[in-house]
Amino acid sequence: MQRSFRFFSSSFASTVRRTMSSSREVISSADAPKAIGPYSQAIKASGNFLFVSGQLGFDPKTGDFASADVEGQAKQALENMGAILKAGGSSFAQVVKTTILLKDINDFAKVNAVYGEYFPSNPPARATYAVAALPKNGLVEIEAVALTSTQ
């Protein structure tokens, strides 16, 4: 939805829309599973923000879950995220916010243990939610917002 503001001239508003859309770049990695819907693996915006879509524990080579347990799925989800971060010019050290979705909140401690291996110091801000279900009956999904070193 586009909004118009009366105090901006139409040419200024057009320039702002054009600038905002031109600072959006689709990022993808062959080392992470392809999107299973109409979304991108990640979007780089405004030159130095990388928004990584939620990653499930799919093995990018087989398209199947890497493991039947939550720890294995969390590890693979984070490996997938790492590949996308790298493709976007970022790393785990540059992640500023994550969101974790769990099929079962009782898996919180197990996922936390795996997560801590990828963020051993100065971890990003984070929210964790229990949800009714995840795509393909996954057990955990993790998304991230990161800074990039390239503009």
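Okay, let's start with a definition: helices here are DSSP runs of H or I with at least four residues, strands are runs of E with at least two, and both are numbered from the N terminus. With that in hand, the protein chain reads α-β-β-β-α-β-α-β-β from the N terminus on. That gives 3 helices and 6 strands.

Quick housekeeping before we go on. This is a predicted model, where local features need pLDDT of at least 70 and side-chain atom pairs count only at pLDDT 80 or more, while totals for chains, interfaces and linings use all residues. Residues are numbered from 1 along each chain as its sequence is written, and side-chain values use heavy atoms, with hydrogens and water left out.

So, the sheet. The 6 strands make an open sheet in the order β1-β2-β3-β6-β4-β5, and the pairing is mixed. At the edges sit β1 (24-27) and β5 (125-130), each of which pairs on one side only. On average, neighbouring strands of this sheet are turned by 15 degrees against each other, direction ignored. Two strands pair, by the way, if DSSP finds at least two bridges between them.

Let's walk across some of those pairs. β2 and β3 run antiparallel and are joined by 4 bridges; if you want one to click on, A45 has F49 in β3 as its bridge partner. Then β3 and β6, also antiparallel, share 5 bridges. Here F51 is partnered with V145 in β6, and L50 with A146, again in β6. Moving on, β4 and β6 are antiparallel with 7 bridges, and L101 stands opposite E141 in β6. And which sense do β4 and β5 pair in, parallel or antiparallel? Parallel, over 6 bridges, with β4 covering residues 95-102. K97 has its bridge partner in β5, namely A125.

Now the helices that go with the sheet. Helix α3, residues 108-118, packs on the sheet and touches β4, β5 and β6, and its direction makes about 150 degrees with that of β4. Helix α2 lies across β1, β2 (42-45), β3 (49-55), β4 and β6, and runs at about 25 degrees to β6. For those angles, axes are lines fitted to C-alpha atoms, for helices over the stretch in contact, and angles run from 0 to 180 degrees between N-to-C directions.

Stay on α2 for a moment and find Q76, which sits in that helix, residues 70-87. Is Q76 buried or exposed? It counts as buried because its relative accessibility is 17%, and buried means under 20% relative accessible area, with exposed over 50% and partly exposed in between, using a 1.4 Å probe and protein chains only. Leaving out residues up to four places away in sequence, Q76 touches L56, G57, F58, D59, P60 and A66. A contact there means heavy atoms within 4.5 Å.

Also in α2 are K75 and E79, 4 residues apart, about one turn of the helix. Their side chains meet in a salt bridge, 3.9 Å from N to O. A salt bridge means a side-chain nitrogen of Lys or Arg within 4 Å of a carboxyl oxygen of Asp or Glu. K75 is partly exposed at 42% relative accessibility, and E79 is partly exposed at 39%.

How many salt bridges does a search of the whole structure find? It finds 2. D107 counts as buried, at 12% relative accessibility, whereas K110 is partly exposed at 41%.

Across the 151 residues of the protein chain, 37% count as buried. The accessible surface is about 9000 Å², and 54% of that belongs to carbon and sulfur atoms, with areas from the Shrake-Rupley method and a 1.4 Å probe, only the protein chains shown counting as cover for residues.

On that surface, F49, F51, V96 and L147 make a nonpolar patch of about 310 Å². Patches take residues with over 30% relative accessible area and no salt bridge, joining like charges within 9 Å and nonpolar side chains (Val, Leu, Ile, Met, Phe, Trp, Tyr) within 5 Å. L147 belongs to strand β6, residues 140-147, and counts as partly exposed at 34% relative accessibility.
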